Amino acid sequence: MEEDEQQQQGQQQDDRFFERDVVGSIANPDRVGIIDEIGGAPSTSGSEDDEECGQDVEEGAAIIVWNDGEEETVDLSEVRLVDRVLDRGELVALVGDPLGQFGVVQSVELLADLRLRNGEVMKSVSSSKLRQVCPFMQGDYVVRGNWIGRVDEVEENVTVLFEDGAKCKVFRADNYTLVPAEAAEWSCDYYVGMRVRPAKSVVFKTARWLRGGWKSSRDEGTVCRVDVAALLVYWMGVGVGPVTPTPADYQDVKDVIHLPHFSHSREHWRIGDYTLPLKDVTVGGEVAPKESNDGREVSSTAVSTSSDAVSSNPEPSLAEEALHESSPLQRKRSLSRRCTVRRKAKRKLVPLEIPVRVTRTERLVDVLWQDGSKSARIPATSLVPVLYLNDSDFWPETYVIERGAEAEMDDDKGYRRVGIVKTIDATQRTARVKWFKRVTSPDEACEFEAEETVSVYDILEHVDYRYNIGDIVIRLTPQVPKADDSTEKVEQPQAPGDEGKHANDPTDLSWVGSILGLEDGYIMVEWGSGDVTKVGPHGIFVVDRNESGDDESSSDDDDDDADSWETVDSNSLSDFESTPVPAEQPVTREETQGGLLTFVLSSMSRLISTIMGLRAKKVVAVGEQEDIEEPDELVCEMLLARKSPADRHFDQNTNDHSTECSVRPLTEFKSFDMVKDASDHHFADVKNEVPNQRKWLKRVNQEWDILQKDLPDTIFVLMYEDRMDLLRAAIVGATGTPYHDGFFVFDLYLPPDYPNVPPMVHYHSGGLRMNPNLYENGKVCLSLLNTWSGRGSELWNPGTSNILQVLVSIQGLVLNAKPYFNEAGYDNQTGTGEGEKNSIAYNENTFLLSCKTILYLLRNPPMHFEELLKSHFRYRGFKFLSLCRAYLGGLPVGRNPADSSEGSPEKQEESSAGFQLILRKLVPKLAAAFVKIGATECREFEEPPSS
């Protein structure tokens, strides 16, 4: 019943088109084509090059390659969807419910209409009954020794027969040498019987003539033989065993073993392609002949040189061929032919196989949905591909690992459980997971110990066990769970030393396979030998997987996962030229002779008296016990007047436990202060040798003055007495964002070339990734820092950019209300249903990570911000936990309880059960931490909230 409902939803039409879609012209129903590029389509890579590629195509239009070979830009309102190309393992959603649960394509059945040479059409022929015109095609897999490779290019030698009986061979033929004689031919595969002409007149002139010679009148002929000359192979991986050198890129077909059943070309027939039916398929009243294994060759009497006529010219005699052979080598070859003429005469000629043309396709797919249900033979046109995913999107049979100790920071188990997902509730964001028993030895069998419902935010995909249908795998030394009561073939562990046996036997292909499916922790693999077995996750290794983007924290130079977005305009901040700068004091000889450190300290002493005098008569480091003088009332008024509307809104939402400013920056803590010890600073070990000390110091003085006067009351900055090149900043998350009242610490370093280069910034992440632009390793990706590409004012400008601009950009543009759209290319989803759905899930996970960051900082407070951190949560802890309580009641993350319209008849979006499941565990931990620092009113939250 459920499957029928899904199919009915899928039958609804969708006005969206995607690349590779097969479309038909509304005005001309017989004209069909494939969408090559869509104008305004979102880029999946986020690079500038991709963004520029679609600039020539207007939004709402597409470049379509029609079945007659013409390429045309067409308005999408003028075409209709005919078929949708989907691959095994592709993620899809129903057209009628694109924001509902997702599914994974398990298998694809392609039905094709075939047009014969006589015009007859064969309807709905299964692709399983068809075979390739060329024995090798791009994307096929081959083996040489213990190496597995993928064919990237096929080079062919084509023999052409002319109407007068002449024959020539064109070596390494391609679209630049031989082209179809008929305009309607758009397939790039050469086949026997195909009419061709030279792309340039020199092609036939330089060809090797087997019969006759070149004449200008011989400008069109028929292909009578096609030989694979060479394969360009990308070698993907090597099997277990003795190490052998990587084979050459170009390979002779005789030196490799073809694995045709690994490629899924039968699912990829396109309109306009030519194919050969299998031997049991009736073509034009006759059964298709048996496939030849020796190449595609027919006698000249069997090749049609036109649509209706068949050439009757016999093969040339050896004497006639000798007329065209003048060199000794050619005479020697002629003699060799004479010696083998009898043997050739006895060969049985291969009957001519006339290819047929694909004129229509229809794909029916089997889908496994997130809730575990399955749908069979759904039309591909009733599905839409899923282009964007969250880290919290999972599918049945996915291997996962619990976030565990690093996430919770208080887990004493010492290990993380590994399990497989059985079902997912996409709406409530929960998953049913079966956990494996802990394995202490590789020889132990894997068994399940428990099954439970968990939040999708509490699990991660296992980085070592990522298996998808269609993946090419190499056999390792497998240890497979025992299979009691199982009739299917389960692979047993190899005996010691057996893993390298295949290296000595080139015909043994049992070491390489293709994944057919996943079932209850096992992986179904079809091996090169033809066997199908179940293996455990640690018994195989996926080859040719791009791992560069999986661990974004592994490289400081990996900028692909951050987006380019505008920074705060420098015009809204103080301009350097109009900023009053303390008068420069003369430098004595003694100061210069003391080196950089003496010079810095001397300048510091004079600078402190100028800057710090506005705040207090005495400099006191944060955390010391000396009394701090009350700031001048005029200064308070000036600072309050400089607040942005967002800052004033933040103040209006503070609770009774706080003063007018959210964390009392005017009465207890300085927004800009000086400290002594920089030992825990991220850049403490970086030596700063300034080539131009005076110019550098003057600019730093200007920066300090701007920070002194214009810092918002939710940003705090520390400078260091003995390191003018170092700063530390704390930023409080703004109201209305998933970072609400969070506490985020950044270390800044001013390089010797500053301000010609931007400052370097490090984020204290605690190992958590809660924003696309803030990495686990501390990297801050921001165009203003030149860590991501940008244009104009987005980039660092030595004359106008400053540190305050950097900090405000982080607070306003990085830690914003919808950080999901900061991801590269995801801004194209703004305002779309898919984008908003993903943004809600991202916000929920972000708030949970922000809570964990709070726990991490309270247990590992950054030096000199200890008292500020405690004071903030002492005064804001109760309000923060009250917000958590509202979220547990269903309030969406980022929404203010005061702004929610109670009693509204409209249905309001609610926070998910998966989000509430984790937050319910975090609230007592947060409450205990707040009580420990003096927020006694938070005791009421120490008991776990009721479900």
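Author: One definition to begin with: rings of Phe, Tyr and Trp pair if their centres lie within 6.5 Å. Also, this is a predicted model.

Reader: Okay. Which residues form one aromatic cluster?
Author: Phe847, Phe873, Phe880, Tyr887, Phe915 and Phe930.

Reader: And how many aromatic pairs does a search of the whole structure find?
Author: The search finds 25. Take Tyr465 and Tyr467: their ring centres are 6.4 Å apart and the planes are at 15 degrees, so this pair is stacked.

Reader: Is Tyr467 buried or exposed?
Author: Tyr467 is buried, at 8% relative accessible area.

Reader: What about Tyr739 and Phe744, how do they pair?
Author: Edge-to-face. The centres are 5.8 Å apart, with 80 degrees between the planes. Tyr739 is buried, with a relative accessible area of 0%. Phe744 is buried too, at 1%.

Reader: New topic. Which charged end sits over the ring of Trp435?
Author: That of Arg417, 4.3 Å from the ring centre. Elsewhere, Lys205 lies over the face of Trp214, 5.3 Å from the centre of that ring.

Reader: How many residues are in the largest nonpolar core?
Author: It has 58 residues. Ile459, Phe743, Phe847, Leu919 and Phe930 have the most contacts inside it. Several strands and helices give two or more residues to this core, including strand E27 (418-425), strand E39 (743-749) and helix H14 (833-859).

Reader: Which element gives the most?
Author: H16, with ten residues.

Reader: What does Leu919 touch?
Author: Leaving out residues up to four places away in sequence, Leu919 touches Phe847, Leu848, Cys851, Cys884, Tyr887 and Leu888. Phe847 and Tyr887 also belong to the aromatic cluster.

Reader: What does the second core include?
Author: That separate core has 42 residues, among them Phe744, Tyr754, Ile803 and Ile810.

Reader: Now sheets. In what order do the five strands of the open sheet run?
Author: The order is E4-E3-E2-E1-E5, with antiparallel pairing. Strand E4 (71-75) and strand E5 (79-83) are the edges, and each pairs on one side only. From one strand to the next, the twist averages 45 degrees.

Reader: How many bridges join E2 to E3?
Author: Five. E2 covers residues 32-38 and E3 covers residues 61-66.

Reader: What stands opposite Ile34?
Author: Val65, in E3.

Definitions and conventions
Residues are numbered from 1 along each chain as its sequence is written. This is a predicted model: local features need pLDDT of at least 70, side-chain atom pairs count only at pLDDT 80 or more; totals for chains, interfaces and linings use all residues. Side-chain values use heavy atoms; hydrogens and water are left out. Rings of Phe, Tyr and Trp (its six-membered ring) pair if their centres lie within 6.5 Å; planes under 30 degrees apart count as stacked, over 60 as edge-to-face and the rest as tilted. Buried means under 20% relative accessible area, exposed over 50%, partly exposed in between (1.4 Å probe, protein chains only). A charge sits over a ring if NZ of Lys or CZ of Arg is within 6 Å of the ring centre and within 35 degrees of the ring normal. A nonpolar core is a set of buried Ala, Val, Leu, Ile, Met, Phe, Trp, Tyr and Cys residues joined through side-chain atoms within 4.5 Å. Helices (H or I, at least four residues) and strands (E, at least two) are DSSP runs, numbered from the N terminus. Contact means heavy atoms within 4.5 Å. Two strands pair if DSSP finds at least two bridges between them. Axes are lines fitted to C-alpha atoms, for helices over the stretch in contact, and angles run from 0 to 180 degrees between N-to-C directions.
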